Amino acid sequence: MAKQSSPSAGALRVADLNQNSSTSFSLRPDAVALKAIATELDLLGLRKLSFSGEVAAHGGADWRLTGTLGATVVQPCSVTLEPVTTRIDVPVERMYLAQYEEIDAPEVEMPEDDTTEPLGQWIDPEQVMIEALVLALPLYPRSDGAELGETVYAEPGVTPMRDEDARPFAGLAGLKAQLDKTSKD
């Protein structure tokens with residue numbers, strides 16, 4: 001069997017890991033790597049990215065990666081496009097299973113446990129770091145005070161429908177309040 005090359009400089013070869021003790025890792029990409037990751041993820045900026053933790057045997061053939069991801073990211077505000085800085089500090093866990101069953105069907109329900117992966121020849125903390133960062137990014141970052149507001153469209157001569165018109169229970173609550181007031185008088 002040919003020896004597979006390492007997916008990254010910090011990748012851990014499973015065959016070299018010690019079953020009886022954990023293997024620690026600590027990643028702090030340099031400025032060039034931070035810029036490359038920020039470009040790849042369409043971020044305005046990426047500062048202070050760090051990922052540290054350990055890989056330990058779990059059972060007879062499985063491995064468990066646990067760690068902490070920390071990063072400061074700058075993204076465009078989803079409303080104003082102004083830069084928004086967010087601090088991310090999240091725990092990260094992955095289980096690498098030797099007996100991982102890949103479901104091959106046209107439609108598959110997502111499993112509740114999304115931390116399991118098939119065990120290969122390598123466990124790559126760098127890849128896990130980038131994946132965890134992507135999952136932790138705010139989907140719609142907003143700068144302080146940024147609001148969407150209300151946009152109303154209608155044909156000329158037609159009264160436009162507003163957000164309040166689409167809330168029928170709010171109208172019923174107002175009608176009930178009027179009926180209660182009338183019955184008390």
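In this predicted model, Phe25 has Gly53 of strand β3 as its bridge partner. That contact belongs to the antiparallel pairing of β2 with β3 (residues 45–58), which extends over 5 bridges. The two strands are part of an open, mixed sheet of 5 strands, and 5 salt bridges are found in the whole structure.

**Sheet and helix**
- The strand order is β2-β3-β4-β5-β6, with mixed pairing.
- β2 (23–27) and β6 (116–118) are the edge strands, each pairing on one side only.
- From one strand to the next, the twist averages 20°.
- Helix α2 (residues 125–136) lies across β2, β3, β4 (62–76), β5 (83–97) and β6, and runs at about 130° to β5.

- Glu93 and Arg64 form a salt bridge whose closest N and O atoms are 3.2 Å apart.
- Glu93 lies in β5 and Arg64 in β4, so the pair ties together parts 29 residues apart in sequence.
- Glu93 is partly exposed at 32% relative accessibility, and Arg64 is partly exposed at 33%.

- Glu131 and Arg94 meet through their side chains in a salt bridge of 2.5 Å, N to O.
- This pair links Glu131 in helix α2 to Arg94 in strand β5, 37 residues apart.
- Arg94 counts as buried because its relative accessibility is 6%, whereas Glu131 is partly exposed at 33%.
- A network of salt bridges links Arg94, Glu117 and Glu131.

**Salt bridge of Asp89 and Arg87**
- The side chains of Asp89 and Arg87 form a salt bridge at 3.1 Å, N to O.
- Asp89 is exposed at 52% relative accessibility, while Arg87 is partly exposed at 43%.

Definitions and conventions. Residues are numbered from 1 along each chain as its sequence is written. This is a predicted model: local features need pLDDT of at least 70, side-chain atom pairs count only at pLDDT 80 or more; totals for chains, interfaces and linings use all residues. Side-chain values use heavy atoms; hydrogens and water are left out. Two strands pair if DSSP finds at least two bridges between them. Helices (H or I, at least four residues) and strands (E, at least two) are DSSP runs, numbered from the N terminus. Axes are lines fitted to C-alpha atoms, for helices over the stretch in contact, and angles run from 0 to 180 degrees between N-to-C directions. Contact means heavy atoms within 4.5 Å. A salt bridge is a side-chain nitrogen of Lys or Arg within 4 Å of a carboxyl oxygen of Asp or Glu. Buried means under 20% relative accessible area, exposed over 50%, partly exposed in between (1.4 Å probe, protein chains only).
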